[in-house]
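This report describes the packing, surface and charge pairing of one protein model. Please read it alongside the sequence and the structure shown here.

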Amino acid sequence: MFQAVFGIVGWSLGGWYVPAGLGVVAAGVWILCRARGTFSGRWFSPLVTIGLAGVMFALWQTDLTVPHAALRFFSPLVFFLMLLAVLTADLMELAPLFLSRTATFRRRFNWPQVAFWGVAAAFVIYMILIPTSEWLMNQMLPNPTIRELEYMSIAETVRLRSMEAFSGLWFFALGATIGSFLNVVAYRLPRGESVVFQRSRCPQCGTQILGRDNIPIFGWVMLGGRCRNCASKISARYPIVELITAVLFLVLYFVELISGGANIPVRSPNAYAGVVWILMYTKWDLVGMYLYHSFALSVLLSCVLIDIDHQEVNSRTRWFTGLMLLAPPLIWPDLMPVPFIAGGEDWLPYAWLRAGTQCLLGGLMGMALGTLAKRTIRSVGSTSQSMGQVASFLAVVGIVLGWQGVIAVTLIGLLMRIVAGIIPIWRRGSIPFTALLLVAFVTHQIIWRWTIDYGSPWWPSHLTSGVGWVGVAAAIGLLVLVNRQIPSKPDAPEVESDQSTGCSLEQASTLPRPTNCQQP
């Protein structure tokens with residue numbers, strides 16, 4: 001509070017002639033008002049606090065020149081931190097009121113309309129209000145800065161931000177759509193049913209799902225989680241999987257695609273990144289690598305879903321999936337940035353042959369590591385079948401990332417399993433090991449370049465020395481031994497479950513529903 005008082009006095013006397021100083025004074029006055037309890041519990045208090053915090057953050061990022069040296073202790077950063085504390089207090093005050101009115105709010109408002117207007121408001125804020133505020137802040141700067149070299153008009157900024165927003169939304173929608181299809185794959189494929197030629201139906205009454213009700217995430221929300229025809233409950237697993245897939249696609253979009261390949265090793269990152277330089281002036285090598293890794297991510301996620309259901313797919317499907325993942329690098333060798341060995345071009349002169357060798361070695365290494373995990377690590381909350389999927393999972397990782405990459409993912413997965421062993425939900429048997437390997441795969445993609453640049457020669461890569469490989473083998477052995485000490489849960493009886501109703505198929509058979517229920 002005294003910091004705010006001194007800041008108001010200092011900026012009022014020494015910085016009143018600077019337009020940005022008025023913003024600091026306003027922030028200080030608001031902090032004093034909230035400290036005295038003024039506007040306590042009012043709905044607009046957090047909005048004002050967020051707005052002023054945004055102004056202080058913008059002033060801090062613009063390297064605002066402090067008019068006097070004495071005011072450096074009352075910089076916009078200090079006021080920004082105080083406003084964050086005020087915002088925390090505002091939210092704590094409004095939380096009980098919000099919780100008490102939640103039921104009434106849900107009855108009075110149409111949630112699909114609330115979601116629509118919420119998304120519309122977010123777009124307006126991102127595409128119009130934020131560019132306008134940045135333009136105003138540029139006008140308020142007391143001295144010219146280097147930012148003038150990157151100056152764009154407000155109309156150009158709005159167009160750029162709208163392009164960025166719609167691109168991100170498109171990739172999010174792509175991921176959600178793929179997630180909806182993965183729900184179908186995970187349910188039908190182990191049962192030998194077609195994933196293409198059958199329409200989605202209600203699991204209870206057998207009515208075909210309308211197209212407007214089959215929109216990923218929003219379809220389930222607009223229906224309230226129930227069938228439009230018979231009002232039977234639809235499992236929340238479907239929108240959760242769609243949301244997870246959409247988020248993972250969006251993570252790869254930011255980390256691998258529009259970053260200019262900043263996470264991809266060996267390959268030099270693009271000098272110009274962003275939506276304009278990567279998508280509008282299309283960099284096809286990055287787009288191809290993103291689509292290839294997204295396809296692999298979809299395969300791995302479907303494997304996790306099948307493990308959760310304690311199911312398996314037949315060998316023919318596994319081999320077909322492996323060939324689908326092996327074909328793209330043979331056609332486009334740039335999809336395998338890490339060589340199978342340092343100086344591999346001296347051994348194999350053709351790029352497609354080097355890429356194919358890397359894929360084959362990676363698949364074999366993944367199968368070997370998966371078999372090792374199945375035979376040496378006791379199942380924790382997983383049936384023997386779900387542990388059997390580990391070999392197929394790691395084989396897919398090896399084909400996509402190479403034999404060094406699958407070793408790295410295995411190391412990360414074993415380490416995560418040790419940490420997860422102390423989590424109650426894991427020990428109760430709710431999460432298969434492949435789920436942690438999926439997290440390890442995504443983590444590896446994010447830190448891929450960093451691990452090779454700073455981990456060599458000890459981290460698995462084409463630059464690892466002989467002594468480094470000895471260390472890697474010792475690390476795997478040690479992690480396996482530690483994982484064997486994690487208390488295991490006996491394998492549960494294999495009861496085929498229907499994720500739509502939450503009961504076993506034996507129980508579900510007594511319900512009035514068709515025998516071949518489909519994903520809604």
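## Basis of the values

The model is predicted, so that local features need pLDDT of at least 70 and side-chain atom pairs count only at pLDDT 80 or more, while totals for chains, interfaces and linings use all residues. Residues are numbered from 1 along each chain as its sequence is written, and side-chain values use heavy atoms, with hydrogens and water left out.

## Nonpolar cores

A nonpolar core is here a set of buried Ala, Val, Leu, Ile, Met, Phe, Trp, Tyr and Cys residues joined through side-chain atoms within 4.5 Å, where buried means under 20% relative accessible area, exposed over 50% and partly exposed in between (1.4 Å probe, protein chains only). The largest such core has 72 residues, and those with the most contacts inside it are Tyr253, Leu257, Phe393, Val397 and Ile407. Helix α15 (residues 384-420) gives the most to this core, with 16 residues; helices are DSSP runs of H or I with at least four residues, numbered from the N terminus.

Another core, of 13 residues, lies apart from the largest one and has Trp30, Ala53, Leu83 and Val86 among its members. Isoleucine 407, leaving aside neighbours within four places in sequence, is in contact (heavy atoms within 4.5 Å) with Met365, Leu369, Pro460, Trp469, Val472 and Ile476.

## Serine 461

Serine 461 lies in the loop between α18 (448-455) and α19 (466-484), and with a relative accessible area of 2% it is buried. Beyond neighbours within four places in sequence, serine 461 is in contact with Gln404, Ile452, Ser456 and Trp469.

## Surface patch

Trp284, Leu330, Ile331, Trp332, Tyr350 and Trp352 make a nonpolar surface patch of about 730 Å²; such patches join nonpolar side chains (Val, Leu, Ile, Met, Phe, Trp, Tyr) within 5 Å, from residues with over 30% relative accessible area and no salt bridge. Tryptophan 284, in helix α11 (residues 284-308), is exposed, with a relative accessible area of 57%.

## Salt bridges

Taking a salt bridge as a side-chain nitrogen of Lys or Arg within 4 Å of a carboxyl oxygen of Asp or Glu, the count comes to 4. In one of them, the closest N and O atoms of arginine 237 and aspartate 309 are 2.7 Å apart. Arginine 237 lies in helix α9 (residues 237-257) and aspartate 309 in the loop between α11 and α12 (315-331), so the pair ties together parts 72 residues apart in sequence. Arginine 237 is buried at 15%, and aspartate 309 is buried at 4% relative accessibility.

Methods: Helix = DSSP H or I, 4+ residues; strand = E, 2+ residues; numbered from the N terminus. Patch = residues over 30% accessible without salt bridge, like charges linked within 9 Å, V, L, I, M, F, W, Y side chains within 5 Å. Areas by Shrake-Rupley, 256 points an atom, 1.4 Å probe, with all protein chains shown as cover.
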